[in-house]
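This report goes through one protein chain, starting from a single residue and ending with the chain as a whole. Please keep the sequence and the structure in view while reading.

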Amino acid sequence: MKSLKFLDLQWNGITGTLPASYGSATWSKFLRYLRLQDNRGLSGTIPGAWSTLAAKEINLDGTNVTGCVPDQLVNTVRTLRFARCSRNNTELLALKALKGVIDREGTALQGWQEDPSDFTPDPTEGAPPGLSPYWCRKWARVTCDQSNQVSGLDFDGLAINGAFMGALEVMQQLPALQSLSLSGCNIAGALPAELSSLSNLRHLDLSSNPGLAGTLHAALAGLSFLQTLDVSGCGVGGTLPAAYAALQQLRTFRAANSSISGQLPGSWGLLQSLQVLDLSNAQLTGSIPAAWFDSAERKAEARALLLDAQASMKARQSIMTAAAASTLTLTHAEATLPALSPTVVHALEQAATAASSRPGMTTGLTQVQELRLAGNKLNGSISGIEMLGSLRVLELSGNSLGGRLPQQLMMLSKLQELRLRATALSGSLPDSFVRLSQLQALDLAGNNLSEYLALDLAGNNITGTLPEIWVGLTQLRSMDLSSNMLSGVLPLLWGRLGAPTHSLQLLLLGDNPCMDPAALASSIQQSGILSSGRVRVEVSSAANRDCMVGPP
């Protein structure tokens, strides 16, 4: 279908909304005729992504599609009821109403001034569209998409105070809104479930609003396009909703420095797109769920989630049926409905079915790169985390994990930061940690790694330079790095290994032919590691074999 030119889907009983993906399809530049007329079940608006279509005719007669037509398609879409998006008075009126709600004094958004003289004429057939509307070009804090519809609002630092609910009601008149940033806006009150009505949201930032309280509503799981959710620094409490497993496009979730409590949901192991999870300094308890990295546990969670979703749907149907057969008003019936909407239930069913019935399908937090859970009350083993192969940052400091440091962590080949300060760990630091070649920060302070007295890595053909972060190994008494392919010199920071705060007595660096003997000897003297007289450093005066790697 790469060269598709004619697509006729009229009179097919098609329902739902127009797929935005048509705008990026391989055939989008070749398509000439798209006929969707007389599909009464089609609704929603024309996606902004369709502005890239090269079609001569798009027929939407006899559908329930509303809104505006992207300027690029003003001579293409057949039906007279569409206004071009750059003349979309509905969105202009919504922005004006929004200004009236959140900027009653007229100072914060004083640049939002009408300019009726600033408009561009309709493009002639075959000609490119003119400038986007003035509110897209001139009004600060407003972003528009390629079809000239409002797609982003950035009110960071604006004192919205008690106007949040009124503003939210107005924002519902902006159907293409994808990004909403309200960080540090002095918002107070309960986190509103009405945010779920902004159905096209990709990014929602509510951080640094300590007065924003309440709980994380399960209704937000209905934001099926959501990629970023940030409630860090807010007063939000309660537990993490298991239903958020429905957010299959979620990439970043931040709730650091919040009052969120309870256990980590095992169902979140179904979040296949998640890359950043930051729940630092909350009030979480329990252990890290095995379902986040264990296939069998994840399938069990998926089955339980599927049953809960189906039960919720049956309860909803029963309530609505009973309401229809009695004098109970629809409003009263809706007040008793389960928190999970049909949209959320459908998304949960899809996620759960994928995990439980397709054993070969990759599921779990395989994409997570940052896992920050420091400052909670978590306990239990961290064995299994090594299965999260994309991890770059693992921060678990200040929890009561206990046990020994798993040797399997060396499987995290992309790990750059490992912070396990004051986690009640005992035993020794595994020699295999040297394989963490990307590691830039290592914090193991405040543990009971008393057994970690000697590190013997001799004869492993280790390459690269000596890592500065090893200066944090305060309990180490001897380190044997001889007979490798190390290069460079002794880091100046390693001079601290000879300080009273450290225990090192012996450092063996002999038989590393990629190290220049003179330069290495000079760096040892300059570091001051020998100043205390406690540390003995042994090096080779000359190389006995060839260096097998290039210079650092």
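Leaving aside residues up to four places away in sequence, Ile 58 touches Leu 34, Trp 50, Leu 53, Leu 73, Thr 76, Val 77 and Arg 78; contact means heavy atoms within 4.5 Å. The model is predicted, so local features need pLDDT of at least 70 and side-chain atom pairs count only at pLDDT 80 or more, while totals for chains, interfaces and linings use all residues. Residues are numbered from 1 along each chain as its sequence is written, and side-chain values use heavy atoms, with hydrogens and water left out.

Ile 58 lies in strand β5 (residues 57-59). Strands (E, at least two residues) and helices (H or I, at least four) are DSSP runs, numbered from the N terminus. Between the C-alpha atoms of Ile 58 and Leu 34 there is a separation of 4.8 Å, although the two are 24 residues apart along the chain.

A second residue, Ser 397, sits in the loop between β22 (393-395) and β23 (417-419). Not counting residues up to four places away in sequence, Ser 397 touches Ala 374, Gly 375, Arg 419, Leu 420, Arg 421 and Thr 423. The table gives the accessibility of both residues; buried means under 20% relative accessible area, exposed over 50% and partly exposed in between (1.4 Å probe, protein chains only).

| Residue | Relative accessible area | Class |
|---|---|---|
| Ile 58 | 0% | Ile 58: buried |
| Ser 397 | 13% | Ser 397: buried |

Next, a helix pair. The axes of α1 (residues 89-102) and α3 (residues 164-171) come within 9 Å and cross at roughly 180°. Axes are lines fitted to C-alpha atoms, for helices over the stretch in contact, and angles run from 0 to 180 degrees between N-to-C directions. The two helices are therefore roughly antiparallel to each other, a term for angles over 145 degrees. On the α1 side the contact is made by Ala 94, Ala 97, Leu 98, Val 101 and Ile 102, and on the α3 side by Gly 166, Ala 167, Val 170 and Met 171. By class, this contact has 8 nonpolar, 1 polar and no charged residues; Ala, Val, Leu, Ile, Met, Phe, Trp, Tyr, Cys and Pro count as nonpolar, Asp, Glu, Lys and Arg as charged, and the others, Gly among them, as polar.

For the chain as a whole, the secondary structure comes to 7 helices and 30 strands. Of its 552 residues, 47% count as buried. Among contacts with a separation of 6 or more, 62% are between residues 24 or more positions apart.

Technical notes:
Parallel < 35°, antiparallel > 145°, perpendicular 65-115°, else oblique.
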